Amino acid sequence: MSKFKKGGKRGIPAVNTSALPDIIFMLLFFFMVATTMKEVEMKVEIKKPIANQATPIEDKDNVDFIYIGYPIDAAEGTEPRIQLDDRLAPDVTSVGDWKKSKVRAGKRVLDIVTSLKVDKKVGMRIVSDVKEELRDVDALKINYSADISK
Amino acid sequence: MARREIGEINAGSMADIAFLLLIFFLVTTTMEVDAGIGRQLPVKLDINLPPPPPVNERNVLKILANKNDQLLVEESFVKMEDLYDIVMKFYTVNKSGERDINMPLYEPITKEKCRAEITKLQADLVKSPDNTSLPGEIAKWEEKSALVDEVGVYSEIHKSAVIQLKNQAGTSYGLYMEVQNILKQVVNELRVIECEKHDFPDYYTLREDRPEDMVYINMLRILVPERILESKIEN
């Protein structure tokens, strides 16, 4: 007889599951990457101005965003409004308290950049008021958000 | 009874599909780049300071943007295209000698001048130790002295030269940003020239979070100071 066993009836090999942990890792990496996208529900409409001297913001973890624009919901009026996180601010004085509440461990208010995303048609009055509020709480680093090119 | 042959599922290509999904999201989620022009707001001083000393008109460039989105520079209407030239002129016209009497003067900074100023300020500090602004002034002159060591004698714009921006309540933010962009552009371009002149690394590669870059950034801030004063909105 041959030294080699003939194949005969081969047992069915089980499903090779060695790739499954790889898929789990991949999902993990996906979420690690995808969660740097901050999805804030916009309550105001903002068309950013274009400024070719704008520089990209590197450290998004140390940036707070203030959105100023015309409300999407017509019930909120036709005046430009301030959106902090995902709520419309009743008036400009709540900016100071909000900024103080955004304190991060180990950093002074002075170190956190406040990015102002403002629609290009908004009048300067509300922007100036927001800046004065930020000065009052010593949040002196600001960044005027703009697109580098169209 | 023979078991039914269960087909072998080839699980090897599941990993490939997962890779594709991952790469797809990697590519699409980096599309949004947040960019902007950074600024530092002036500190709010709550003590009543004595009124600042009168500043010579020639050292102030007044830019007013009214609610009709028109620009007035030194009380005459100006088109946005011409603003760049005016600001550039403000910064450079008198750099190699007085050419325009309405624009700020430049002054050469030498090692002797730095030393003289530091000695004078230190004497003042002894006389009035409570003056809190003096140590800051001394530090600034020491920085200038270090700069002279690095680049040699350099020309500095008058210390009270400033660009004064005034807006009205109805001025559009878009116009304000165009002005900010032009001011930033002038400063950036002049700093690039200084970088090339003194063999600094490429200006656009300097990053504030790297300490070795901050040395150059601080020197550039003395060579080409960004002096913008924004007044509160009046009406």
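**Note on the A–B interface and the domains of chain B**

1. Start with one salt bridge: the side chains of B:Asp34 and A:Lys117 meet at 2.7 Å, N to O. The model is predicted. Between chain A and chain B the count is 5 salt bridges. Polar contacts join 24 residue pairs across this interface, both residues at pLDDT 80 or more.

2. Which elements of chain A give two or more residues to the side that touches chain B? They are helix H1 (20–34), strand E2 (55–56), strand E6 (113–118), helix H3 (124–136) and strand E7 (141–145). H3(A) supplies the largest share, 9 residues. By class, this side of chain A has 29 nonpolar, 8 polar and 13 charged residues.

3. Now the extent of the contact. Chain A puts in 50 residues and chain B 48 residues. Together the chains bury about 4,300 Å², with 62% of it on carbon and sulfur atoms. On the chain A side, A:Gln53, A:Met124 and A:Tyr144 lose the most area to chain B, together 17% of what that side buries.

4. E2(A) runs antiparallel to strand E1 (residues 35–40) of chain B, over 2 bridges. A:Thr55 stands opposite B:Gly36 in E1(B).

5. Chain B is assigned domain 1 (53–105 + 156–235) and domain 2 (111–152). The contact between them takes 6 residues from domain 1 and 5 residues from domain 2. Their C-alpha centres are 25 Å apart. They bury about 550 Å², 76% of it from carbon and sulfur atoms.

6. How many salt bridges cross between these two domains? The rule finds 1. B:Lys144 and B:Glu156 meet through their side chains in a salt bridge of 3.1 Å, N to O. Helix H6 (residues 211–223) of chain B gives the most to the domain 1 side, with 3 residues.

Technical notes: Residues numbered from 1 in each chain as written. Chains lettered and ligands numbered in written order. Predicted model: local features only at pLDDT ≥ 70, side-chain atom pairs only at ≥ 80, totals over all residues. Heavy atoms only, no water. Domains from an automatic or database assignment. Contact = heavy atoms within 4.5 Å. Buried area = accessible area lost by both parts, 1.4 Å probe. Salt bridge = Lys/Arg side-chain N within 4 Å of Asp/Glu carboxyl O. Helix = DSSP H or I, 4+ residues; strand = E, 2+ residues; numbered from the N terminus. Polar contact = N/O pair within 3.5 Å; in protein donor to acceptor, adjacent residues only side chain to side chain. Nonpolar A, V, L, I, M, F, W, Y, C, P; charged D, E, K, R; others polar. Pairing = 2+ DSSP bridges.
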